[in-house]
Amino acid sequence: MDSLCRGVFAGNSRELSIRSCFPSLFQAEQTHRSVLLGLLLGAGRTPQPDSALIRQALAERWSQWSLRGGLEMLPQALETHLTSRGVSVLRGQPVCGLSLQAEGRWKVSLRDSSLEADHVISAIPASVLSELLPAEAAPLARALSAITAVSVAVVNLQYQGAHLPVQGFGHLVPSSEDPGVLGIVYDSVAFPEQDGSPPGLRVTVMLGGSWLQTLEASGCVLSQELFQQRAQEAAATQLGLKELPSHCLVHLHKNCIPQYTLGHWQKLESARQFLAAHRLPLTLAGASYEGVAVNDCIESGRQAAVSVLGTEPNG
């Protein structure tokens, strides 16, 4: 369980809530007093949305998915889809504050301007939203500020003429074995069509956990060289890739994965009750609430749209 928690949430498994992180396991145990028995009997399953793509994924038993040009194609396609229908997309305009007007509309303060909105759907981290809310929403801000997040360094390595000793999607690393390496994804096995020309072996090393948290707290310089060296050592030790990589990309994602710690569901319930009691035209979406994976965030956005529109959006 430690390895699984680190692979999904990049955090300390002893601080995370099973109820919020893995609700199907929680429901299975609560219903049948046994996780395995509950899962076998179908406890914890929730109704799933339906579409042609979902049916195809189920029929073909997809275990993972990607896009030919990388996942950045998803937001790019969304922007193209929206702008073609007259939606304005503001880039480089961070929100600096939210305030409620007398008529119940929001005033959204930007860096150099402002705009008004009948309803706001917030998909930014909960702790960031908490700092933007007006004083009259202080109880909501307190609940959201308690949802913290951890950082992850992602190192992409490519090796020419190398081969993996095993096949599969990748592997996760327990904290007892290595406090800094969360896991390694075998990109060339999962998506060989993205290996480039000439093809090379690609792996992604994810770094984080207590090792990175300690470095951040100490004020240590988090250089690309530090992460690259740590990733190459992990690839050499765990996969036998001892030669130098031909290509390396390093990205440090600060506070990128929310932590569903003990009591997370109570924070969400507190936020929902405040929104309902005060009838605030605000909908919460994104990774801070009920799932950190890409699929979870897509579903969160769909549910947010349904709650605002009152019906499934078309197109």
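## Strand pairing and the β2–β3 hairpin

Two strands are taken to pair if DSSP finds at least two bridges between them. In this predicted model, β2 and β3 form a hairpin with four residues between them. Strand β3 covers residues 114-117 and runs antiparallel to β2, to which four bridges join it; within this pairing, Ser114 of β3 is the bridge partner of Ser109.

Trp106 of β2 is the bridge partner of Leu100, and Ser109 of β2 is the bridge partner of Gly97. Five residues lie between the strands of this hairpin, where Gly104 adopts a positive phi near 90°.

## Packing of α8 and α12

Helix α8 (residues 138-145) packs with helix α12 (residues 264-278) at an angle of about 160°, their axes being 9 Å apart. Because angles over 145 degrees count as roughly antiparallel, α8 is described as roughly antiparallel to α12. The crossing in which α8 passes α12 is left-handed.

On the α8 side, the contact is made by Pro139, Leu140, Ala143 and Leu144, and on the α12 side by Lys267, Ser270, Ala271, Phe274 and Leu275. Sorted by class, the residues in the contact of α8 with α12 are seven nonpolar, one polar and one charged.

How values were computed
Residues numbered from 1 in each chain as written. Predicted model: local features only at pLDDT ≥ 70, side-chain atom pairs only at ≥ 80, totals over all residues. Heavy atoms only, no water. Helix = DSSP H or I, 4+ residues; strand = E, 2+ residues; numbered from the N terminus. Axes fitted to C-alpha atoms, helices over the stretch in contact; angles between N-to-C directions. Parallel < 35°, antiparallel > 145°, perpendicular 65-115°, else oblique. Left-handed = near helix turned anticlockwise from the far one by under 90°. Contact = heavy atoms within 4.5 Å. Nonpolar A, V, L, I, M, F, W, Y, C, P; charged D, E, K, R; others polar.
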